[in-house]
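Please describe the helix packing, the sheet and some single residues of the structure shown here. A report in plain terms is enough.

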Amino acid sequence: MKPFITLIAALSATIIATGAELRLPDIFSDHMVLQQQSKARIWGNAAPGARVEAVGSWAPESPISAKAGKDGRWRLEIPTGEAGFEPQTLRLASGRDTVTISDILIGEVWFASGQSNMEMPLRGFWTQPVEGAAQAIAFSCKYPGIRMATIPKTISYDLQTEVPTEWKISSPENAVNFSATAYFFARNLSDLLNVPVGIICSAYGGSKVEGWLSRERLESYKTWDREAERNNDIMPDYERFNAMYNAMLHPLAGYTIRGFIWNQGESNVGMHDSYHTRLADMVADWRSEWGLGELPFYMVEIPGWNYGNPAGDSAALLRESQHKAADIIPSCGIVCTSDLVYPREVDDIHACKKAEIGERLAFMAAAKTYHMPGIPHEYPRFKEMTVDGSRAILTFSGAPDGLSPHEDIEGFEAAGADGIFHPAQVRQNTWTLHVELYCPKAGTIKSVRYNFRNFAIGKVHNLMGLPLIPFRTDK
């Protein structure tokens with residue numbers, strides 16, 4: 001693959017440039033989206049010491065220039081104005097060399113990453129579809145302001161500076177291969193803000209959080225043997241540490257964005273004790289790479305699946321760790337997905353309800369990043385419990401008007417001193433909005449759980465339709 005990738009990169013450079021010296025990475029291509037109201041970063045190569053000048057059609061009177069270093073590398077920042085759907089042009093010149101990038105939109109740019117549930121395109125994976133895909137693809141042409149650059153899956157144990165890609169406009173022929181989650185996020189965000197939305201999607205199915213960590217961070221853990229892993233010819237690529245960070249993130253770091261969306265965790269099931277701290281470290285690494293401050297980071301709960309045993313709790317423990325991460329990472333949020341699976345999907349790791357996930361991510365961004373008042377984005381969450389023998393009273397945040405349904409509520413279990421959980425009878429007091437739980441088989445209740453299993457479909461919501469976050473009180 002390496003010679004092929006190198007050839008593609010070379011061809012791309014030939015196509016967009018009129019000279020041999022001035023060159024930009026592929027991420028700067030026709031149809032790209034630049035972050036509005038920012039100093040959009042542009043970089044590339046030119047003759048050593050050469051002056052590079054950039055002029056945007058949105059501000060022709062204000063050219064920006066930079067000088068290439070001894071290694072030929074240069075970098076500049078070009079101010080952008082307010083978002084708009086009118087196509088723009090960026091012209092760069094260095095001596096006799098020129099590069100022109102056309103059909104640029106100025107809007108909101110997000111970086112989407114993770115493993116296969118972020119990678120999964122609208123056309124679906126193998127025998128696992130995306131619900132509503134045909135309609136989304138057919139009508140994708142109504143959203144020409146949505147653009148996506150998809151990064152090919154590749155790995156490296158050394159930092160890379162370029163990666164082959166190109167921006168594509170939302171249309172039936174292109175959208176079929178767009179990340180479904182990222183597309184629905186972009187579509188909802190564009191509707192909410194009425195601006196173009198660009199997505200850089202860099203996801204690798206099966207990758208662990210450690211694959212997206214920097215070498216320096218991993219070496220600080222003192223448990224990673226880089227050379228041994230590098231020389232392991234039988235290790236699957238997606239399991240390799242640091243490999244995606246080097247090849248699929250570092251070459252793009254610095255492209256001016258508004259924030260990150262993240263859908264990953266399935267491959268870290270069983271590693272819940274460390275996941276939340278390692279994810280926090282990953283976010284710190286990424287924010288440091290971008291150098292744009294505390295960029296928002298919004299993630300997705302891992303889906304219900306059998307994970308070896310549908311009634312087990314290894315995935316529930318990982319989800320709990322995800323929520324811990326959301327609590328300790330500044331400017332972070334997580335969308336709950338416990339209600340977004342069908343019973344038949346117990347053996348499908350790629351749950352089909354991507355539209356709802358994208359919508360929930362967009363709602364969170366609208367509320368927390370763009371400060372749009374009134375956008376539903378807070379999930380019901382366990383707050384406290386009082387016990388009286390085999391009865392317990394539970395209260396929740398995120399449900400100011402109560403939960404639905406309010407009678408015969410499913411999914412709750414209680415355990416006594418023996419730690420054995422039994423199904424509980426649960427109803428909501430419609431006057432106080434407290435949840436009343438009764439479980440005579442448990443005896444004196446010591447702990448309560450809700451949907452704390454690998455595969456359990458959430459059926460309890462607040463009045464905005466957002467599901468109750470699974471929880472346990474025994475730790």
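Helix α9 (residues 272–290) and helix α10 (residues 314–328) have axes that come within 8 Å and cross at roughly 30 degrees. This is a predicted model, in which local features need pLDDT of at least 70, side-chain atom pairs count only at pLDDT 80 or more, and totals for chains, interfaces and linings use all residues. Residues are numbered from 1 along each chain as its sequence is written, and side-chain values use heavy atoms, with hydrogens and water left out. Helices (H or I, at least four residues) and strands (E, at least two) are DSSP runs, numbered from the N terminus. Axes are lines fitted to C-alpha atoms, for helices over the stretch in contact, and angles run from 0 to 180 degrees between N-to-C directions.

Because of their crossing angle, α9 and α10 are roughly parallel to each other. Angles under 35 degrees count as roughly parallel, over 145 as roughly antiparallel, 65 to 115 as roughly perpendicular and the rest as oblique. The crossing of α9 and α10 is right-handed. A crossing is right-handed if the near helix is turned clockwise from the far one by less than a right angle, and left-handed if anticlockwise. On the α9 side, the contact (heavy atoms within 4.5 Å) is made by His272, Tyr275, His276, Leu279 and Ala280. On the α10 side, Leu317, Leu318, Ser321, Gln322, Lys324, Ala325 and Ile328 take part. The residues of this contact of α9 with α10 divide into seven nonpolar, four polar and one charged. Here Ala, Val, Leu, Ile, Met, Phe, Trp, Tyr, Cys and Pro count as nonpolar, Asp, Glu, Lys and Arg as charged, and the others, Gly among them, as polar.

The crossing of α5 past α11 is right-handed. Among the α5 residues that meet α11 are Phe184, Phe185, Leu189 and Leu192, and their partners in α11 include Ile357, Leu361 and Phe363. The contact of α5 with α11 has 12 nonpolar, three polar and two charged residues.

The next topic is a sheet. Strands of a sheet pair through backbone hydrogen bonds, either parallel or antiparallel. In this model, four strands form an open sheet in the order β14-β15-β20-β19, with antiparallel pairing. The edges are β14 (381–388) and β19 (425–428); each has a single partner strand, so one side of each is left without a neighbour in the sheet. From one strand to the next, the twist averages 25 degrees. Two strands count as paired if DSSP finds at least two bridges between them. Seven bridges join β14 to β15 (residues 391–397). Arg391 has Tyr438 of β20 as its bridge partner.

| Residue | Phi | Loop |
|---|---|---|
| Gln37 | about 50 degrees | between β1 (33–35) and β2 (39–45) |
| Asn242 | about 70 degrees | between α7 (226–230) and α8 (243–249) |

Gln37 is exposed, with a relative accessible area of 53%. Asn242, at 0% relative accessibility, counts as buried. Buried means under 20% relative accessible area, exposed over 50%, and partly exposed in between (1.4 Å probe, protein chains only).

Where does a cis peptide bond occur? The bond joins Ser404 and Pro405, and omega is about 0 degrees. Pro405 is found in the loop between β16 (403–404) and β17 (412–415).

His422 is in strand β18 (residues 421–423). His422 is buried, with a relative accessible area of 19%. Leaving out residues up to four places away in sequence, His422 touches Phe412, Glu413, Ala414, Cys439, Lys441 and Ala442. Between His422 and Pro470 there are 16 Å in space, C-alpha to C-alpha, and they are 48 residues apart in sequence.
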